[in-house]
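Dear colleague,

My notes on what was found in it follow directly after.

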Amino acid sequence: TNEQFAEGHKPNMKPETPKEQDEALSDVHISQREAEKTEDGYFLSRFSFEKSFKSATTSPNDTESDDEGEIKVKRKRRRTQNSTLTIVHRMQTGIDSVGLQVWKASLLLSEFILSIGPQDLTGKKVLEFGAGIGLCGLIASHFCHTVFLTDYSDEVLENCDRNAKLNSHLFNDNKEYEEGRTVRCRKLDFNSPYPIDGSSVVVPTKKSPFDWTEEDIKELDDVAIFFAADIIYDELITDSFFKMLRRMRTNGKQKTLYLGMEKRFNFTLDGKEFKLYSRCHEHMLKHLNSKENSFDPLTGENIPPSIFSSRKIEISEIPQFFEYDRGNDLELWEIKW
């Protein structure tokens with residue numbers, strides 16, 4: 001469950017200006033009970049969950065034979081531990097700052113990470129695209145050796161870094177896992193070749209704590225698992241994102257992206273009937289399923305044949321740890337290339 005509370009924390013961020021026009025409000029915040037604002041309009045939320053740990057090595061007594069004599073390993077009961085993340089976020093923002101909010105797709109992806117973490121993420125190096133508040137990556141840090149939390153906006157990265165520092169005590173909370181784990185907040189532009197395609201380190205004219213280092217670039221070669229939540233909400237951003245995935249160096253390694261998304265519906269006229277239609281969702285499917293070059297008149301972009309294999313994960317099989325509405329608008333995808 002997630003418990004809402006507020007204190008006098010004031011992240012170092014620029015305030016909203018009167019020029020901001022379009023406002024966005026996550027459904028997560030609509031369903032949350034009211035809480036007192038900080039002076040700058042930020043909130044603190046606690047996300048509590050039960051984390052299971054990887055089972056110890058099996059012994060001969062942990063196996064059994066089926067009717068055909070095949071040896072099978074018995075499923076051992078996992079040891080569990082209660083943990084809590086503290087997250088700084090906004091309740092409502094302009095469109096350019098939606099990464100400061102908590103979105104349903106990030107809750108779903110976080111729950112998926114908790115479900116696969118002990119078996120598939122222990123000791124791994126991973127990267128989250130469009131990390132926003134950093135919820136998914138910070139959940140992954142319970143299992144992973146290194147987590148890169150990436151976003152484009154300095155404002156969002158400052159808040160993400162604050163959340164990483166608030167929860168740094170959780171990175172090494174279990175001695176069964178390798179010590180020395182780190183969470184690094186880094187700036188990443190989907191439209192820039194650096195650093196995803198293996199370019200050498202770019203020396204910025206103005207140094208930032210979110211700049212990539214030589215060590216970061218080397219470690220990117222070890223990253224084969226990626227996460228992203230709620231980045232599919234604009235067709236042009238979707239085009240830039242999939243172009244970036246195509247540019248990534250593979251180094252002979254298969255890469256896997258777990259993508260959580262919330263379909264946002266509009267009405268469209270089909271014959272004489274109005275039907276619900278998620279334009280951004282359909283646009284994403286073009287990148288995943290395109291068999292040949294196709295021109296999209298809406299964006300003016302060419303979509304090349306897909307290099308991806310993908311499957312939609314059945315979300316009913318993912319344990320739900322947090323309180324939010326899991327409706328038909330939520331999807332989770334596994335994408336490999």
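**Thr-150 and its surroundings**

The side chain of Thr-150 comes to 2.7 Å from the backbone oxygen of Glu-128, a polar contact (a pair of N or O atoms within 3.5 Å; within protein, one must be able to donate a hydrogen and the other to accept it, and residues adjacent in sequence count only if both atoms are side-chain atoms). Please note that this is a predicted model, in which local features need pLDDT of at least 70 and side-chain atom pairs count only at pLDDT 80 or more, while totals for chains, interfaces and linings use all residues. Residues are numbered from 1 along each chain as its sequence is written, and side-chain values use heavy atoms, with hydrogens and water left out.

Thr-150 belongs to strand β9 (residues 146-151); helices (H or I, at least four residues) and strands (E, at least two) are DSSP runs, numbered from the N terminus. With a relative accessibility of 1%, Thr-150 counts as buried. The term buried means under 20% relative accessible area, with exposed over 50% and partly exposed in between (1.4 Å probe, protein chains only). Neighbours within four places in sequence aside, the contacts of Thr-150 include Leu-127, Ala-131, Leu-157, Arg-186 and Trp-212, where contact means heavy atoms within 4.5 Å.

Ala-131 is found in the loop between β8 and α3 (135-140) and is buried, at 6% relative accessibility. Not counting residues up to four places away in sequence, Ala-131 touches Leu-149, Thr-150, Asp-151 and Cys-160.

Helix α4 (residues 154-166) has 13 residues and spans 18 Å from its first C-alpha to its last, close to the 18 Å expected; the expected span is 1.5 Å times one less than the number of residues. At the start of α4, a side-chain oxygen of Ser-153 comes within 3.2 Å of the backbone nitrogen of Glu-155. Its buried residues are Glu-155, Val-156, Leu-157, Asn-159, Cys-160, Asn-163 and Ala-164.

Phe-210 lies in the loop between β10 (182-187) and α5 (214-220) and counts as buried at 6% relative accessibility. Residues up to four places away aside, Phe-210 touches Asp-154, Leu-157, Glu-158, Asp-161, Cys-185, Arg-186 and Lys-187. The C-alpha atoms of Phe-210 and Glu-158 are separated by 8.8 Å, although these residues are 52 apart along the chain.

Helix α6 (residues 235-247) also has 13 residues; it reaches 19 Å from first C-alpha to last, close to the 18 Å expected. Asp-234 caps its N-terminal end, with a side-chain oxygen 3.0 Å from the backbone nitrogen of Leu-236. Among the buried residues of α6 are Glu-235, Asp-239, Phe-241, Phe-242 and Met-244. The buried residues of α6 pack against β8, β11, β12 (256-262), α7 (279-289) and β16 (301-303).

**Nonpolar cores**

A nonpolar core is a set of buried Ala, Val, Leu, Ile, Met, Phe, Trp, Tyr and Cys residues joined through side-chain atoms within 4.5 Å. The largest has 46 residues, and Leu-109, Leu-121 and Phe-227 have the most contacts inside it. Helix α2 (residues 104-121) gives the most to this core, with nine residues. Apart from it lies another core of 31 residues, including Trp-212, Ile-232, Phe-241 and Leu-257.

**Aromatic pairs**

Rings of Phe, Tyr and Trp (its six-membered ring) pair if their centres lie within 6.5 Å; planes under 30 degrees apart count as stacked, over 60 as edge-to-face and the rest as tilted. The count by this rule is 13 aromatic pairs. Phe-47 and Phe-322 form an edge-to-face pair, 5.8 Å centre to centre with 90° between the planes. Phe-47 lies in strand β3 (residues 42-52) and Phe-322 in the loop between β17 (309-313) and β18 (330-336), so the pair ties together parts that are 275 residues apart in sequence. Phe-47 is buried at 0% relative accessibility, and Phe-322 is buried at 2%.

Phe-129 and Phe-226 are stacked, 5.4 Å centre to centre with 10° between the planes. This pair links strand β8 (residues 125-129) with strand β11 (residues 225-229), the two residues being 97 apart.

Yours sincerely
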